[in-house]
Amino acid sequence: MPIYKAPVEDTLFVLYDVLKMDGYGNLPGFADAPRDLVEAVLGESARICEEVIQPLNVVGDTVGCKRNDDGSVTTPPGFKEAYDQYREGGWMALSFDPAYGGQGLPLALNAAIGEYLSSSNLAFGMYPGLTQGAMAALYVHANDEIKQTYLPKMATGEWTGTMNLTEPHCGTDLGLLRSKAVPNGDGSYSITGQKIFISAGEHDMSDNIIHLVLARIEGAPAGTKGISLFVVPKFLPKADGTAGERNPLSCGKIEEKMGIHGNSTCVMNYDGAKGWLVGEANKGLNAMFVMMNEARMSVGIQGLSQSEAAYQNAVAYAKDRLQGRSLSGPKAPDKPADPIIVHPDVRRTLMTIRAINEAGRALMLWTALQADISHRSEDAAEKQKAEDHMGLMTPIVKGVLTDLGFDNAVKAQQMYGGHGYINEWGMGQFVRDARITMIYEGANGIQALDLVGRKLGANGGRAVMTFFNEVGTFCAQNKDDAALGPMIGALSKGLKDLQAATMWFMQNALAKPDNAGAGSTPYMHLFGLVAMGYMWARMAKTAQEKLAGGADERMTHKLATARFFFEQLMPESGAHLARVTAGADSMMALPAEAF
Ligand SMILES: Cc1cc2nc3c(=O)[nH]c(=O)nc-3n(C[C@H](O)[C@H](O)[C@H](O)COP(=O)(O)OP(=O)(O)OC[C@H]3O[C@@H](n4cnc5c(N)ncnc54)[C@H](O)[C@@H]3O)c2cc1C
C-alpha cells in the first residue's frame, strides 16, 4: 500500500524563510494567520489527508464511481464519510470571504493544503477543488442574489460545484459550443444541450450540485463572442435556502477512463434546465476565466502532488530493495546486496524528482502569495504587479508542473523495476492519475500558446520584463558570493537563454506566427526551468543564511539539492533555446498527406 507524508516542514520553509510571509500583515486575513496558527492548520490538514483521505486512494481507483439505473452516481466506499469529515472541519472555504461563510485565511495556505489533498487522493480532491473554483467565479461575477443563494451553502460544502464547458464537438475551441439558453421571461433561462467529461457532475456526496454552464443565448453571435455563463443547480433552491424541486438535468453516462476513477466524469444532459445568468450576457468566457485560472493553478498543484507522492514511495523502495553492490564498495556488507539507493543512476532519478518537487512547491507558493496580493492589496501598483505575475505564471505552473509531474511519476515507477508495473505497489495509479493533469483545464500545448501568444506581449511585455528584471537583479546581487556564485552563474545563463528566446519570437514570430506555435512548448519549459532556477537560488541563499546561524541538516540537504538542480537540470535551457530558434520550417515541411 503506498505511503504519504505531507511535506509540512518544507512548506513552512518556503512560506516563512524564503517568501517571508510574515511580512504581509497588511493584507486582510494575514494578521489573523500568525505563524503558529498556520503551523497548526497545516499540521491538522496533513493529519486528515494522511489518515482519512490517502487510505481511500487505492479503493477509489479500484472500485471507482458507479452510475445507477436512475441516473444517480455512487462514489467509492468511504468517500462520502471522508468528505463529510473534510467539510465539517471547515476546509472547503478556508480562504474565502467571511461575508459568505469563508475563513478569509491566505490563499497561499489553501494552495499548500491543496497539494497535500491531491497527493493523498487526486480524485477525491477534485470535489472540493471544483467547488472552490465555482465559488470564485460566482463571487467575482454573479449578482448579489445569486451569491447569497449559493455561496454560503458551497462554503460549508453542503453543495458542491462543477464547470461545464466541453461538448462532444468542442473542447479547446469553445467558440463551437452549441448548448442553448432561452429566456423564460422571469429572469431565468431554459438551458438545453449536452456537456461531456464533466468532473464531479453527479455524485452522492453533497445535497445539491451547482453547475456553472456555458451556453449561447438564442440569437447571440456565433463564436466566442456569443457565449454566456449560467448557474444551473441540480435542485432549485427554495425560499428558505434549502434544495427543492429537481431541475431537468441528469448524468447520462460515466466515462470509462484511464485514471482518477474516484472522481465521477459525467456526460451531463440539460433538458430545459432552469439557469440564471452569471455576469453579462455574451461575456461568459470572461466569467468562466475566473474559474479556469483558479483551476489551472490547482491543476499545476495536482501535477506537483503526484510527483511528490510517487517520489516518497520510490525513496522508500530504493532504501529497501537490495540489488547489486555500490561501485565504491559495499554499503551493507552484512546483507546479500546493497539497497539500490547507493547506485548513482538511481540517485540521478530520485534527485531529479526531488529538485523539481521542491522548486515546484516554491514556485506555486510564490504564485499563490501573488494571488493573495492581487486579490487583497489596496496598493494599486503592488496589486498590478501581482496580477501581472499571476497572468504570466498561470500557464507555466499548469503546463510545466503537470508535464514534469507526469514524467516524474514515470521516473518514480521506474525505481521499482518490474514491480512498478504490477498494480500491487500502486505506482501505476500515480502515472495514470497524473496523466489527466496534462490534458484538462486546457491541454498543455494550449497553455504554451497562451504564454507565447497572449501573456508575453500583454501590456507591452510588462510582466515578462518585470520577471527578467527581478531575476537579473538577484543574480547581480549574489554573483560574487563564494558558495552561491556557481549556481548564480548557471541561473544567469538560463536567464540569457530565456531572454534570447523571447527576443527571437519578437523578431521572427510576428511576421510568421507558425514560428510562435512551433516554439511555444520548449519556450514554456525554458521559462519554467528559469523560474524554478530562481526559486532554487533563493532557497539556496536562505539555506546558507540559516546555516550561518548553526548546523542544520535540512539546510545542508537543501544546498546539495540546489547544486544538483543547477548542475544537472539547468543546462537544459540551451536545448530549449535551440528548439525555439529552429523555428517552424522542419516541423511544417511535410504536407498533411505525407503523415
Ligand atoms: C477526465 C477528464 C475530466 C474533465 N473534466 C472537465 C470538466 O470538469 N469540465 C469541462 O468542461 N471539461 C472537462 N474535461 C475536458 C477537457 O478540459 C478537454 O478534454 C480539454 O480541454 C481538451 O479538449 P478536447 O478533448 O476536445 O481536445 P481538442 O480540443 O480536440 O484538442 C486535441 C489536441 O489538439 C490540440 N489543439 C487543439 N487546438 C489547438 C490549437 N489551436 N493549437 C495547437 N494545438 C491545438 C490540443 O492541445 C490537444 O492536444 C475533462 C476531460 C477529461 C478527460
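**A predicted model, helix by helix**

User: At roughly what angle do the axes of helix α14 and helix α17 cross?

Analyst: The axes of helix α14 (residues 485–508) and helix α17 (residues 572–582) come within 9 Å, where helices (H or I, at least four residues) and strands (E, at least two) are DSSP runs numbered from the N terminus. Axes are lines fitted to C-alpha atoms, for helices over the stretch in contact, and angles run from 0 to 180 degrees between N-to-C directions. For α14 and α17 the crossing angle is roughly 10°.

User: Is α14 roughly parallel or roughly antiparallel to α17?

Analyst: Angles under 35 degrees count as roughly parallel, over 145 as roughly antiparallel, 65 to 115 as roughly perpendicular and the rest as oblique. With the axes crossing at roughly 10°, α14 is therefore placed, relative to α17, as roughly parallel.

User: How do the residues of the contact of α14 with α17 divide?

Analyst: Contact means heavy atoms within 4.5 Å, and α14 contributes K493, G494, D497, A500, A501, W504 and F505, while α17 contributes S573, G574, L577, V580 and T581. Ala, Val, Leu, Ile, Met, Phe, Trp, Tyr, Cys and Pro count as nonpolar, Asp, Glu, Lys and Arg as charged, and the others, Gly among them, as polar. On that basis the residues of this contact divide into six nonpolar, four polar and two charged.

User: Which pLDDT do local features need in this model?

Analyst: Residues are numbered from 1 along each chain as its sequence is written, and side-chain values use heavy atoms, with hydrogens and water left out. The model is predicted, so side-chain atom pairs count only at pLDDT 80 or more and totals for chains, interfaces and linings use all residues, whereas local features need a pLDDT of at least 70.

User: Why is helix α1 largely enclosed by the rest of the structure, and how many of its residues are buried?

Analyst: Buried means under 20% relative accessible area, exposed over 50%, and partly exposed in between (1.4 Å probe, protein chains only). The buried residues of α1 include D10, F13 and Y16, and what covers the buried residues includes α2 (35–53), α5 (107–120), α9 (344–376), α15 (513–548) and α16 (553–569). Helix α1 (residues 8–18) is largely enclosed because the number of its residues that are buried is 10 of the 11.

User: With which side chain does the side chain of N444 make a polar contact of 2.8 Å?

Analyst: N444 is found in helix α12 (residues 444–455) and is buried, with a relative accessible area of 6%. A polar contact is a pair of N or O atoms within 3.5 Å; within protein, one must be able to donate a hydrogen and the other to accept it, and residues adjacent in sequence count only if both atoms are side-chain atoms. The side chain of N444 reaches the backbone oxygen of G399 at 3.2 Å, and the partner at 2.8 Å is the side chain of T402.

User: Is E441 buried or exposed?

Analyst: E441 is found in the loop between α11 (427–437) and α12, and its phi is near 60°, a positive value in a residue other than glycine. At a relative accessibility of 16%, E441 counts as buried.

User: How far apart in space are N26 and R435?

Analyst: N26 lies in the loop between α1 and α2 and is exposed, with a relative accessible area of 58%. N26 and R435 are 409 residues apart in sequence, and their separation in space, C-alpha to C-alpha, is 40 Å.
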